[in-house]
Amino acid sequence: MNLIFRFLRVLFRALLKPRIGVLDTSEVNFRVWPTDLDINRHMTNARYLSMMDLGRTDLLIRAGMLGTVMQERWLPVVGNINIRFRRSLDPFQRFTMKTRLLCWDEKWFYMEQRIESSKGVHSVATVRGLFRGRGGSVPTEKLLERMDYRQDSPAFPPEVTQWVECESASY
C-alpha cells in the first residue's frame with residue numbers, strides 16, 4: 001500500500017514540477033518508512049528497485065514522454081538492472097533518487113539511477129529499458145521523434161559498453 005501512495009505522490013508532483021530536458025537529471029525525495037525495512041532494520045534491497053521505478057516515472061513525466069506513451073499505449077519495460085549497494089539506508093532517513101538518461105541505441109534506453117543522502121551515495125544502478133507497443137518493441141528513435149528530440153545519443157560510457165557486452169555474451 002505504501003508504494004501506491006508514493007506512486008501517486010510522485011505522479012502529481014511530477015505533473016506540477018517544471019519540465020526537464022531528455023538528458024537532465026530527475027530528482028525525487030523520499031524517506032525510509034518502517035514498511036521499507038528488512039530484518040536487519042535497514043531498507044530492503046527489493047525496495048531500492050521499487051524506488052527506482054518511481055524515479056523513472058518522474059523522469060518519464062517531467063521529460064515530456066508521458067503524453068506520447070499514453071497516446072500510443074506504449075508500456076515501459078526494464079530489460080536489465082545492474083545495481084551496486086554502497087551503504088544502507090536507516091529507518092526514517094531521508095534520501096534522493098536521481099535518475100538520468102545516459103544514452104540509447106536503436107532498441108534500448110540506458111539510464112543511471114543513484115540513491116543519495118547527506119551521508120553520501122547509497123546505491124548506483126544502470127538500467128536498460130525500452131517501450132513496448134502492440135507491434136513489439138518501439139524503436140528509441142520513434143519515441144524521441146514524437147517528443148521532437150532529434151539529436152543523436154551521447155557516447156556510451158565505457159562501463160555501459162562493457163555491461164552490454166557482458167550481457168550479450170551471457171545468452
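Reader: Is D58 buried or exposed?

Author: This is a predicted model, in which local features need pLDDT of at least 70, side-chain atom pairs count only at pLDDT 80 or more, and totals for chains, interfaces and linings use all residues. Residues are numbered from 1 along each chain as its sequence is written, and side-chain values use heavy atoms, with hydrogens and water left out. Buried means under 20% relative accessible area, exposed over 50%, and partly exposed in between (1.4 Å probe, protein chains only). D58 has a relative accessibility of 1%, so D58 counts as buried.

Reader: Which residue does D58 meet in a salt bridge?

Author: A salt bridge is a side-chain nitrogen of Lys or Arg within 4 Å of a carboxyl oxygen of Asp or Glu. Helices (H or I, at least four residues) and strands (E, at least two) are DSSP runs, numbered from the N terminus. The N to O distance is 3.7 Å, and the partner is R62.

Reader: How many residues apart in sequence are the parts that R146 and E72 tie together?

Author: R146 and E72 form a salt bridge, with their closest N and O atoms 2.2 Å apart. R146 lies in helix α4 (residues 140-146) and E72 in helix α3 (residues 66-72), so the parts tied together are apart in sequence by 74 residues.

Reader: Which strand holds K98, the salt-bridge partner of E116?

Author: The closest N and O atoms of E116 and K98 are 2.9 Å apart. E116 lies in strand β4 (residues 109-117), and the pair ties together parts 18 residues apart in sequence, K98 being in strand β3 (residues 94-104).

Reader: Is E116 buried or exposed?

Author: E116 belongs to a network of salt bridges that links E27, K98, R100, E112, R114 and E116. K98, at 23% relative accessibility, counts as partly exposed. The relative accessible area of E116 is 17%, so E116 is buried.

Reader: At roughly what angle do the axes of α1 and α2 cross?

Author: Axes are lines fitted to C-alpha atoms, for helices over the stretch in contact, and angles run from 0 to 180 degrees between N-to-C directions. The axes of α1 and helix α2 (residues 45-62) come within 9 Å of each other, and the crossing angle is roughly 20°.
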